[in-house]
Amino acid sequence: MQSYSAFSLFRQALGGHAGWQRQWRSPQPRTEYDVIIVGAGGHGLATAYYLAKEHGIINVAVLEKGWLGGGNTGRNTTIIRSNYLFDESAALYEHALKLWEGLSQDLNYNVMYSPRGVLMLAHNIHDVQIFKRHVHANRLNGIDNEWLNAEECKAFCPPLNVGGAMRYPILGGALQRRGGTARHDAVAWGYARAADARGVDIIENCEVTGIRRSVNGAVEGVETSRGFIRARKVGVAAAGHTSVVLGMAGVRLPLESYPLQALVSEPVKPAFPCVVMSNTIHAYISQSDKGEMVIGAGTDAYTSYSQRGALHIANHTLDAICELVPMFRRLRMLRSWGGIVDVTPDRSPIISKTPVHGLYVNCGWGTGGFKATPGSGNVFAWTIARDEPHRINAPFTIERFRDGILIDESAAAAVAH
Amino acid sequence: MLLITCPHCGPRAELEFSYGGEAHIARPVDPAGLDDDSWAAFLYERSNPRGVHAERWRHLHGCGRFFNVLRDTVSDTIVASYPAGQPRPVPSPDGKGTTR
């Protein structure tokens, strides 16, 4: 692997930038691997990377039906934070946040992690109480999160409309200063390049069409659009299509897939200093390094695999953005799109073994999986390599729904998050 | 936005309706007799198909009644709508209607 540095950039510049190599190979699938990962998004690629790096398992293939990072990894609004209410979630997302902090160095790839602060706005007395509860719960877990009153919110993010006549006035907010954004494509590319360098095969345009099992029920391999590939361990990180893939092995999951929309504005000069989220009125906004305002909306009401949502959902979010940040009223929107998110009943992920021996699943990230990418891949790799969950993902089983031990972040946040 | 046909009121905009999740999930006749796996399956497991999905809608800002819809989750095409309590219709081979 070519190492990236200021020096290598300088040296390549002398050669007219003609000497850069491809960042990863495009290999033909072999007939057998130790581990197959289904889905080359951030979570799947991170899993392959940590399998190779931390567990020495390099005979790994990542199968992708489309192109690398073309699903939800390339469709999200890139928000990173770890200020979750419950101990189990806090541990998982904080594990990810700590990996984010050193990720560019670890991968030798600039993922543009930018801890610019995530400000979650409170608009009513219920919000104020629940966010203060979050602040205290986070403090007990050693996670930074602080309460700002309305004036402090205005000082931290001057474009906000504080004190104006609003249907949902800003009463304050919870600020996680270590939260922020990262470049979503670079995360997929960085993990792909680093995993490839350690020997992992990333195979695009290879759709899994079946999961073959032996007479005793254990996984033998996967049928794909490019033929049968043998493997005794298969890890599924297929996001919105997890129900479809697991259905091939006869496993039913507590998942439903919904379209989640995002949109970006025309690029403008730096105007918005942080990430602002409002769960109550469904508005999530930050400014990308290209200058676009990146805006996240809520999910549509109904399940769908169509990767597009209804206009009234995006419109609802823009109504909120225009009230929160009046100077954006004349901003034009450039593009909008949808991704398919797999939602669990308690809005917490499943990173777990399944009833089928050799089949593992990492799913249920719902509307907020990007922030967890490094931590998710890290503990999923552990789960696959050792055939038992890491301490951090041990509570995130499928069986928690049977046993009634839900990690009920949906009730904690009152909405999708 | 979907154009949904309420079997009682006719075609209306999606905004008039609320979504009720997967249809034809019958509450167990004897809940106390169920083991934990079966109870969890009833409460939480969903078929979540990529294809035709039977789902409940409620005409919230209209007649207020629940009814069922068959919708293709890939194209969001609504194949059929029928009153609650009726069995699930069989989609016709072209996917645009139903054969009873």
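This is a predicted model: local features need pLDDT of at least 70, side-chain atom pairs count only at pLDDT 80 or more; totals for chains, interfaces and linings use all residues.

**Entry 1: a leucine in chain B**

I started with Leu70(B), which sits in strand E5 of chain B. Is Leu70(B) buried or exposed? Its relative accessibility is 0%, so Leu70(B) counts as buried. I then checked Leu70(B) against Val52(B): they are 18 residues apart along the chain, and their C-alpha atoms are separated by 6.3 Å.

**Entry 2: a salt bridge in chain B**

I stayed on strand E5, which covers residues 66–72 of chain B and also holds Arg71(B). Which residue does Arg71(B) form a salt bridge with? The partner is Glu55(B), and the closest N and O atoms are 2.7 Å apart. This pair links distant parts of the chain, since Glu55(B) belongs to strand E4 (residues 52–58) of chain B, 16 residues away from Arg71(B). I looked up the burial of both ends. Arg71(B) is buried at a relative accessible area of 0%, and Glu55(B) is buried with a value of 0%.

**Entry 3: a positive phi in chain B**

Next I went to the loop between E5 and strand E6 (78–83) of chain B, where I found Asp76(B). Asp76(B) is not a glycine, yet its phi is positive, near 65°. The cut-off for buried is under 20% relative accessible area. Asp76(B) comes out at 12% relative accessibility, so I put it down as buried.

**Entry 4: chain A as a whole**

I moved to chain A and took the overall numbers. How many helices and strands does chain A have? I noted 11 helices and 19 strands. The C-alpha atoms fill a box of roughly 65 × 65 × 40 Å along the principal axes. Why call the radius of gyration of chain A, 21 Å, in agreement with a compact globule? Because a compact globule of 417 residues would have a value near 22 Å.

Buried residues make up 59% of the 417 residues in chain A. For contacts with a separation of 6 or more in chain A, 75% come from residues 24 or more positions apart. The accessible surface of chain A is about 16,600 Å², and carbon and sulfur atoms account for 53% of that. On charge, I wrote down 41 positive and 36 negative side chains for chain A, with the centres of the two sets 4 Å apart.

**Entry 5: salt bridges that involve chain A**

The search over the whole structure, all chains included, gave 22 salt bridges. I picked out Asp196(A) with Arg25(A), where the closest N and O atoms are 3.1 Å apart. The two ends are 171 residues apart: Asp196(A) is in helix H6 (residues 184–197) of chain A, while Arg25(A) is in the loop between helix H1 (6–14) and strand E1 (35–38). Asp196(A) is buried at a relative accessible area of 10%, whereas Arg25(A) counts as partly exposed at 36%.

I then looked at Glu94(A) and Lys98(A), a salt bridge with closest N and O atoms 3.9 Å apart. How far apart are Glu94(A) and Lys98(A) in helix H3 (residues 87–107) of chain A? They are four residues apart, so about one helical turn separates them. Lys98(A) is exposed at 54% relative accessibility, but Glu94(A) is buried at 7%. Both belong to one network of salt bridges that share partners, together with Glu101(A), Asp144(A) and Arg178(A).

**Entry 6: two loop residues in chain A**

Thr78(A) is in the loop between strand E2 (60–63) and strand E3 (79–80) of chain A. Its relative accessible area is 11%, so Thr78(A) is buried. What does Thr78(A) touch, not counting residues up to four places away in sequence? I listed Gly180(A), Thr181(A), Ala182(A), His184(A) and Phe370(A).

Last, I checked Asp387(A), in the loop between helix H9 (373–386) and helix H10 (399–403) of chain A. Asp387(A) has a positive phi of about 55°, although it is not a glycine. With a relative accessibility of 25%, Asp387(A) counts as partly exposed.

Methods:
Residues are numbered from 1 along each chain as its sequence is written. Chains are lettered from A and ligands numbered from 1 in the order in which they are written. Side-chain values use heavy atoms; hydrogens and water are left out. The radius of gyration is taken over C-alpha atoms; the globule rule is 2.2 Å times the number of residues to the power 0.38. Buried means under 20% relative accessible area, exposed over 50%, partly exposed in between (1.4 Å probe, protein chains only). Contact means heavy atoms within 4.5 Å. Accessible areas come from the Shrake-Rupley method with a 1.4 Å probe; for residues, only the protein chains shown count as cover. Lys and Arg count as positive and Asp and Glu as negative; His and the chain ends are not counted. The place of a charge is taken as NZ of Lys, CZ of Arg, CG of Asp or CD of Glu. A salt bridge is a side-chain nitrogen of Lys or Arg within 4 Å of a carboxyl oxygen of Asp or Glu.
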